Amino acid sequence: MITLNINGKDVQLDAAEDMPILWALRDIVHLTGTKFGCGMALCGACTVHLDGQAIRSCVTPIAAAVGKKISTIEHMQNDKVGQAVQAAWSAVDVVQCGYCQSGQIMAATALLTSNQKPTDEDIDAAMSGNICRCGTYPRIRAAIHEAANKLA
Amino acid sequence: MNSHLNISRRTFIKATALAVGGLVIAFSTPNAKRFLLPGIANANASEEGKKLPTPNAFLRVGTDNTLTVMLAHSEMGQSIWTTLPMLIAEELDADWSKIKVMHAPAAPEYIHTAYGIQITGGSSTTWSEFDRYRQAGALTRALLVSAAANKLGVAVESLKTENGFVISGDTKISYGDLAEAAAKLETPKTVTLKAPKDWKIIGKATKRLDGPEKINGTAMFGQDVHFDGLMTAMVARSPVFGGTVKSFDASASKKIKGVHQVLQVPSGVAVIADNYWAAKQGRDALKVEWDLGKNASLDSKAMLVEFRKLANTQGLTAASMGDIKTAAAKASKTLEAEYSLPYLAHSPMEPLNCTVKISKDACEIWTGTQMPGTDQQAAAKILGLKPEQVTMHTLFLGGGFGRRANPAADFVSEAVQVAKAAGVPVKTVWSREDDVKGGYYRPMYLHKAKIGVDAKGLPVAWEHVAVGQSIMLGTPFEAYQIKDGVDATSVEGVADSPYVKGTPNHHVSLHTPKIGVPVLWWRSVGHSHSAFVMESLIDELAHAAGRDSLDYRRQILKDHPRHLAALNLAAEKSGWGKPLAKGVFRGIAVHESFGSFVTQVAEVSVDKGVVKVHRMVCAIDCGLSVNPDSLKAQMESSISFGLGAAMQSEVTFKDGMVQQSNFHDYKVMRMNEMPKVEVYIVQSTEKMGGVGEPGLPPVAPAVTNAIFAATGKRIRTLPIGDQLV
């Protein structure tokens, strides 16, 4: 048994230590907002926060999360920056198919938590690991600026 | 103009009472041509007169005032979840906040009004449903108004409707309060649709109804399906298309904790486990010996040599006019060029997956699909059931781009085979590697053109040979898409090009090599290669004539007002002809596809061979724009999808195997590569076209034409990659 802190709650899991956080979240805890896209930290669909840092949950074993706090898209409504990001996503009407958007929002929230006024270059640096096949990039960029303005 | 539609002429409509109270509006199209897979009886051929089951409805008015719109099409990002309800809400004068949306099940009622199968594709949803969904709204409104008139003892004409209420003077009755009475009324034979001048919703930028759930993580995709007892499967498939299992050793797989069964299925060997991680580890540990079969020597370079050889001879004629030989002999100058494009994977963000639960006389399937009816039939055939015994639950599609519309129903059929073999409910999940290597690609194409021009540099003889696999061969569309051996989608954008048609002597022909690589429509189908070729060729001709690219196109397209409208708007908004920052150059391309006309202007710089796209200016004439904001989103999307492919994406073969595997080597567009995008809509009352695909075809040639302007180098092979380095 491994104990993980997920979205503020301790959860006991009967899972191998090398199981990626992604699959523990999706297949054991059934928090399916975090998505599987590539399995190799290449697309960012699985992005969650580990102690506030954006990580790729598809390659991070649950052993690495013991004693730390995992935060997922389902928790962003309780996060001040997360709320602002979600509100901006809505205002700009960013989403299309929507599959990558949990990861995009988690990456954007981590960015805005550490950098209150990101430039376009900062956004490129923080967000280029998150692929969107629908090409919502211009709206993601606009929404991040919008959230930054609202948080200022 | 009021559209006064006689409903019974085209569609059969029923209004019925909901078992739980409320009103259901259902349409069926009994006379529409249906396409079925071989071996499937047309069990529902005669629907007329049968009572439609309650789920088979387009609209339900609940006694709690909810309005549930059933989507005959799948939401895969294109915003049809919002656009179709807009059509109903417009005619119904609905309270927009009360709208709920559901994907329809697979059923004859929902077959495409033009294509004859239940499909989302061809950028066709909005125009093909424009009448049907407005009628559903208008019909419902008429019934609710009649019910109110009866209740109040007033004339129908004295009543008006607004925001979910029927209004009589100071009295307001909600639709929900009228739903049960309305359900008992006789369905009107005709309805009157609103005149465009009275539209309050159609034509207005409207926010997505699926936005909130896609922002907070609660939206359900196929991948997210879970219920007690559900297992996860991964299938080891042959590394070469068409290969078969010779033998396998599952001993190591079965030692993995959580792995329950390892079974041979028609497509390979399935590992069935408690969860994805166990299934993946089980599959990694599996030892399979394959009989690689006849495709084991597939090689992209050899294919290109073969295509080139074929292109030296005329293929089957796709279009022909005049006397090409005589005209070519008299030409002032001749341009000869060869263009080629690679296989492309769709790679939607959500890897393919399908959940199947089989019971004694029934089967339930949960997946994101663009063709639920075809999938249903394929599943029924495998299980020896009737199609109606298979229930399809369509969830949000995490991208489609054509991959989730497979006439061969590959990922659904496989999942049914796995669940059948396992004897338990199973979700079969593909890895990203499975997706990239799994076939059903945009086919590789090679085009060769020989164009003779007159003294003014205008084409007088155009000879064009295309070489590439047929997408339609073996599909339900074969009968009307393939004529005399020519797949119309192989030469679309060439055989019907205004440049070719406007050349007095022309000949377009096609070679269709049979290659063991499964191919499929990929966003914009044949236009995904033909527009690159045609818009590059016309640019080559303009430069050869010493003409401005825009002026030259305007001259040739002078009798094509919709091309011109898109060209002129994009030219104006991009500042065509005006100076740019140092080192930045423009390229332009215009192309008609799926009934719409799109121009892209690219601003590009090339530094030490590295191409950067700074800005794309897009103009579209698609006729009426129902939701201008989702239209713009589709143009942004097409630019991203098209640019990624033009710049970096390719699937290649060596020793029969796909050489790419995941997003590190099957490269797609990322944030740092995305240019600024501006989209402009031509105000148009012309015939409605599509928007999901038409933005894409002119993207690549706009960029490569800009590269030519910047460097004098003509890119004739995609992807651009490091050709200039």
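Start by selecting Asn7(A): with 19 other C-beta atoms within 10 Å, Asn7(A) is partly exposed. Here a residue counts as buried if 20 or more other C-beta atoms lie within 10 Å of its own, exposed if 12 or fewer, and partly exposed in between, with C-beta atoms placed from the backbone. The model is predicted: local features need pLDDT of at least 70, side-chain atom pairs count only at pLDDT 80 or more, and totals for chains, interfaces and linings use all residues. Residues are numbered from 1 along each chain as its sequence is written, while chains are lettered from A and ligands numbered from 1 in the order in which they are written.

Stay on Asn7(A) and check its backbone. Its phi is positive, about 50°, although Asn7(A) is not a glycine. Most residues other than glycine have a negative phi, and most peptide bonds are trans. Asn7(A) sits in the loop between E1 and E2 of chain A; helices (H or I, at least four residues) and strands (E, at least two) are DSSP runs, numbered from the N terminus.

Next, select the sheet of chain A. Five strands make up this open sheet, in the order E2-E1-E5-E3-E4, with mixed pairing; two strands pair if DSSP finds at least two bridges between them. Strands E2 (9–13) and E4 (53–56) of chain A stand at the edges with a single partner strand each, so one side of each has no neighbour in the sheet. On average, neighbouring strands of this sheet are turned by 40° against each other, direction ignored.

Within the sheet, pick E1 (residues 2–6) and E5 (residues 69–71) of chain A, which run parallel and are joined by two bridges. Ile6(A) has Ile70(A) in E5(A) as its bridge partner.

Move to the loop between E3 and E4 of chain A, where Asp51(A) is found. Phi of Asp51(A) is also positive, near 50°, in a residue other than glycine. Asp51(A) is exposed, with 12 other C-beta atoms within 10 Å.

Now switch to chain B and select helix H2 (residues 80–92). This helix of 13 residues reaches 18 Å from its first C-alpha to its last, close to the 18 Å expected at 1.5 Å a residue; the expected span is 1.5 Å times one less than the number of residues. Because 13 of the 13 residues of H2(B) are buried, this helix is largely enclosed by the rest of the structure. Asp93(B) follows H2(B) and has a positive phi, near 50°.

Finish at Pro719(B), in the segment after helix H20 (699–711) of chain B. The peptide bond from Leu718(B) to Pro719(B) is cis, with omega near 0°.

Definitions and conventions: Axes fitted to C-alpha atoms, helices over the stretch in contact; angles between N-to-C directions.
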